[in-house]
Amino acid sequence: MGIHGLATAYFLAKEHGMNNVAVIERRYVGFGGSGRNTAIVRANQRTQGNVRLYDEGLKLWATLIRDLDFNMMFYNCGNLNTFHSEGALGAARLAVSTAQMSGVRSELLDRKQCKELIPELNIEDNIKFPILGGMYHPPGGIVRHDAVAWGLAKGAARHGVHIHQKTEVTGIDIEHGKITGIRTNRGIMKSPRVLICAGGWGALLAQMAGIELPLHPLTIQAMVTQPLKPVLHHVISSGAYHVYANQTLKGEIATGAHMDPWPNYTTNTTPHYFKHQAEALVELLPFLRGVKFMRHWAGIADMTPDMAPILHGNDPIEGLYLDVGWGYFGFKSGPITGKYMAQYIADAKRPEILKPFSLRRFEEFRHTGETAGAFSYGPWN
Ligand SMILES: Cc1cc2nc3c(=O)[nH]c(=O)nc-3n(C[C@H](O)[C@H](O)[C@H](O)COP(=O)(O)OP(=O)(O)OC[C@H]3O[C@@H](n4cnc5c(N)ncnc54)[C@H](O)[C@@H]3O)c2cc1C
């Protein structure tokens with residue numbers, strides 16, 4: 001499993017004294033989105049329920065790094081999201097107010113202030129989408145993704161969790177509405193509780209239990225440039241250009257944003273994406289003209305209709321829990337969700353903070369408003 005499974009297992013063992021937890025992974029630790037993401041963390045989401053969870057998530061990194069004694073390279077360099085239309089600026093005002101009301105640092109900047117923050121930014125009018133302003137979120141930044149996966153795996157194993165790599169779940173056993181165990185390509189495992197947290201493959205696992213989830217598996221692509229001297233000191237993203245970028249501690253510019261708009265399970269990259277990223281980046285950050293891309297890759301994101309996750313349990317099957325639907329937000333939320341899912345599984349009582357994310361919201365027409373944020377000022381990690 002990825003960081004959601006590893007974090008839940010770690011907290012089950014560490015905070016709830018469970019010494020018989022198993023993590024089942026078809027390939028290897030970090031094979032899914034957990035080892036492929038662009039490592040951006042932030043807490044300035046659109047709706048209050050989301051802001052609360054992500055804010056706790058952002059604050060958890062420092063404690064986790066200390067507790068696991070593992071350097072996850074947390075770099076809280078701040079995130080700037082640029083806006084290129086009056087409509088997007090209006091939506092940003094709402095997001096900033098939501099964050100501020102929740103005690104999260106977020107502020108609106110005019111285009112001159114954006115330039116003061118990131119001197120390399122092009123704020124001229126002669127580009128396709130001139131910048132009108134930005135939303136600055138100082139506590140966000142980046143955390144090294146594979147360090148998080150391995151730090152959690154090591155921590156979980158130290159607390160007695162069994163991690164089974166190269167083991168594929170092939171079936172979920174249910175008797176009289178209760179979970180009794182799972183089947184794998186290496187044998188049967190009995191258990192009264194099963195958590196599905198399989199990233200882009202979550203819907204396929206849920207189908208094994210007879211549950212159809214409202215999830216679309218979508219391919220996201222990303223890439224890095226050759227290393228440069230330190231020049232970009234913040235994460236920058238633009239909804240209109242559909243691009244985001246940050247400079248890693250190695251000096252590479254890591255960039256992404258494009259999400260293939262049709263459901264699929266491939267992890268291919270495409271020339272269309274390279275061209276799009278290159279064009280968008282040189283308009284926003286002209287110093288990147290002529291810089292070479294070094295590596296490109298893709299992963300699968302499990303997107304719900306309201307772009308918020310499904311954190312659900314014991315309904316309609318006793319003992320079956322779901323932690324799926326993270327789309328392109330599931331890295332920053334991994335450890336904190338694991339902490340609360342562990343509490344949920346241990347007590348069989350849904351923690352207050354997870355209540356907005358019930359699976360039932362889709363049939364009760366109580367969608368979260370997160371999609372409004374994404375479509376008004378554009379998707380950004
Ligand atoms: C290119 C890209 C950029 C992204 N950027 C960001 C970002 O900047 N910030 C952010 O917060 N999020 C980002 N994301 C999203 C984030 O990576 C995911 O939401 C997150 O990693 C999901 O973690 P997970 O633990 O739920 O699932 P995963 O890490 O995907 O792990 C699921 C695991 O389940 C295993 N599995 C599947 N089927 C089975 C089976 N039948 N049996 C056993 N094991 C199985 C898979 O092998 C996989 O290892 C990005 C994603 C991509 C692809």
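1. Start with Asp69. Asp69 is exposed, with 10 other C-beta atoms within 10 Å. The cut-off for exposed is 12 or fewer, so the label follows from the count of 10. Phi of Asp69 is near 55°, a positive value in a residue other than glycine. Asp69 sits in the loop between H2 and strand E3 (79-83). This is a predicted model, and the backbone angles here should be read as such.

2. Ala348 is another residue to check. Phi of Ala348 is near 60°, again positive in a residue other than glycine. Its loop runs between helix H8 (334-347) and helix H9 (370-377). Ala348 is exposed, with 12 other C-beta atoms within 10 Å. Exposed covers 12 or fewer, so Ala348 is counted as exposed with 12.

3. The bond from Asp315 to Pro316 is cis, with omega near 5°. Pro316 lies in the loop between strand E17 (310-313) and strand E18 (320-324).

4. Now the overall fold. The protein chain has nine helices and 18 strands. Its radius of gyration is 20 Å, close to the 21 Å that the globule rule gives for 381 residues, so the chain is as compact as a globular protein of that length. Along the principal axes, the C-alpha atoms fill a box of roughly 65 × 40 × 40 Å. Buried residues make up 49% of the 381 residues. Among contacts with a separation of 6 or more, 75% join residues 24 or more positions apart.

5. Next, the domains. The domain assignment gives domain 1 (3-72 + 144-215 + 305-374) and domain 2 (79-138 + 216-303). Taken over C-alpha atoms, the centres of domain 1 and domain 2 are 27 Å apart. The contact takes 27 residues from domain 1 and 24 residues from domain 2.

6. On the side of domain 1 that touches domain 2, helix H2 (48-68) and helix H6 (202-208) are the elements that give two or more residues. H2 supplies the largest share of that side, four residues. By class, the side has nine nonpolar, 13 polar and five charged residues.

7. Where does the ligand lie? Domain 1 and domain 2 both give residues to the shell around the ligand, so the ligand lies between them. There are 39 residues around the ligand, and Gly2, Gly32, Gly199, Gly299 and Gly330 come nearest. The elements that give two or more residues to this shell are helix H1 (3-16), strand E12 (216-225) and strand E16 (293-303). H1 gives the largest share, three residues. The shell divides into 18 nonpolar, 15 polar and six charged residues.

8. Last, the core. The largest nonpolar core has 104 residues. Leu6, Ala9, Tyr10, Leu152, Ala156, Ile196 and Ala245 touch the most other members. H1 gives the largest share of this core, eight residues. Domain 1 and domain 2 each contribute at least three residues to the core.

9. What does Ile196 touch? Leaving out residues up to four places away in sequence, Ile196 touches Gly202, Leu205, Ala206, Leu322 and Val324. Ile196 is also one of the core residues that touch the most other members.

Conventions:
Residues numbered from 1 in each chain as written. Predicted model: local features only at pLDDT ≥ 70, side-chain atom pairs only at ≥ 80, totals over all residues. Domains from an automatic or database assignment. Contact = placed C-beta atoms within 7 Å. Nonpolar A, V, L, I, M, F, W, Y, C, P; charged D, E, K, R; others polar. Near = placed C-beta within 6 Å. Core = buried A, V, L, I, M, F, W, Y, C linked by C-beta atoms within 7 Å. Buried ≥ 20, exposed ≤ 12 C-beta atoms within 10 Å, placed from the backbone. Rg over C-alpha atoms; globule rule 2.2 N^0.38 Å.
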